[in-house]
Structure formats: C-alpha cells, structure tokens
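Visitor: Can you walk me through this one? I would like to start with the overall fold and then look at single residues.

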Amino acid sequence: GWLNGYLTAHNYYLPDTFDLVSWENVDTLTYYLIGHCKKYPAMSFFQATTQLSNSLHDFRIDKLMSKDGKLDKTQSTQLYFQVKVMLQQRLAALGFYKGEIDGDLGPSTLQAIQQYKIKHGLPDTQDIDQQVLFSILKNKANP
C-alpha cells in the first residue's frame, strides 16, 4: 500500500506525468524492490523506492492518450495507448514487427509478440503479461 501511495504522489507532483507506472503492476514493482534490497541490504527502503521511481521516469505516461479516451484492456493486462506504441516500436527495432506504428494490437502486432516470445523462450500463451512486457520493453539487447 505504501508503494502505491508513494507512486501516486509522484504522479500528482511530477511535471508532465499522468502515470509514472506505464505498464508494471504493484506485484512486479514489489519484486523489483525485493531483489534490489537483497542486492543492496545497506540501502534504506526509501532510497530503493526512490531509485525505482527514477528508473520508471523515462517510460512514464505524460498524458492519457487513447483512440477512445480510455485505458485499453488487452487480455489480462491493462495497457495505455502509448505503451502499445512503445511495444510496436521496440518489436520493430528488434526485427519482429514490420507494420504501421499505430498503437493497435492487431493480428500483426500479436504475431510479432508471439514470435518474440518463442525466440526468447517465454511461455507460449496468448497473454501479454508482466514477464513479456518486461522482456520486450526493458531488454537492453541491441536490435
């Protein structure tokens, strides 16, 4: 609960920020923090959380954008329009997607995600879950 409130305060007070957490859920962020705190046990929880919020800044949603003005629900994960655009851009940079960057998770985008999942040994499901999003958006491998 504290983490959720802390990030909500960031959303309110950071300029050009609608949502600091563009695609991650609280469980995923908690796992990040647990791993970070295990790696750096001398660091306070507040410092670790501040580093986490700083790392989220580049992927933040600056304003709500969607074709229908609502948060889009894709399978079990809710995705902002901007995140779907980022997914297409990243998949294109990695050579999996060749379509228009339009923020639509249509058949060609879903096929690109499935091909990515197969190549990277991710579970072969139709779901776009936190593991898939992390792998595609945070993977630092060069295209």
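This is a predicted model: local features need pLDDT of at least 70, side-chain atom pairs count only at pLDDT 80 or more; totals for chains, interfaces and linings use all residues.

Visitor: How many helices and strands in the protein chain?

Guide: The protein chain has six helices and two strands. Helices (H or I, at least four residues) and strands (E, at least two) are DSSP runs, numbered from the N terminus. Along the sequence the pattern reads α-α-α-β-β-α-α-α.

Visitor: And what share of the residues is buried?

Guide: 41% of the 143 residues in the protein chain. Buried means under 20% relative accessible area, exposed over 50%, and partly exposed in between, with a 1.4 Å probe and protein chains only.

Visitor: OK, helices. At what angle do α2 and α3 pack?

Guide: Helix α2 (residues 26-39) and helix α3 (residues 45-56) pack at about 125°, and their axes are 10 Å apart. Axes are lines fitted to C-alpha atoms, for helices over the stretch in contact, and angles run from 0 to 180 degrees between N-to-C directions.

Visitor: Which residues meet there?

Guide: From α2, L29, Y32, L33, H36 and C37; from α3, F45, A48, T49, Q51, L52 and L56. Contact means heavy atoms within 4.5 Å. By class, the contact of α2 with α3 has eight nonpolar, three polar and no charged residues. Ala, Val, Leu, Ile, Met, Phe, Trp, Tyr, Cys and Pro count as nonpolar, Asp, Glu, Lys and Arg as charged, and the others, Gly among them, as polar.

Visitor: Back to α2. Is T28 buried or exposed?

Guide: T28 is in α2 and counts as buried because its relative accessible area is 13%.

Visitor: What does E24 contact?

Guide: Leaving aside neighbours within four places in sequence, E24 is in contact with L29, Y32, L56, Q130 and K138. E24 lies in the loop between α1 and α2 and is buried, at 7% relative accessible area.

Visitor: Where is D16?

Guide: D16 is in the loop between α1 (2-13) and α2. D16 counts as exposed because its relative accessibility is 58%. D16 has a positive phi of about 55°, although D16 is not a glycine.

Notes
Residues are numbered from 1 along each chain as its sequence is written. Side-chain values use heavy atoms; hydrogens and water are left out.
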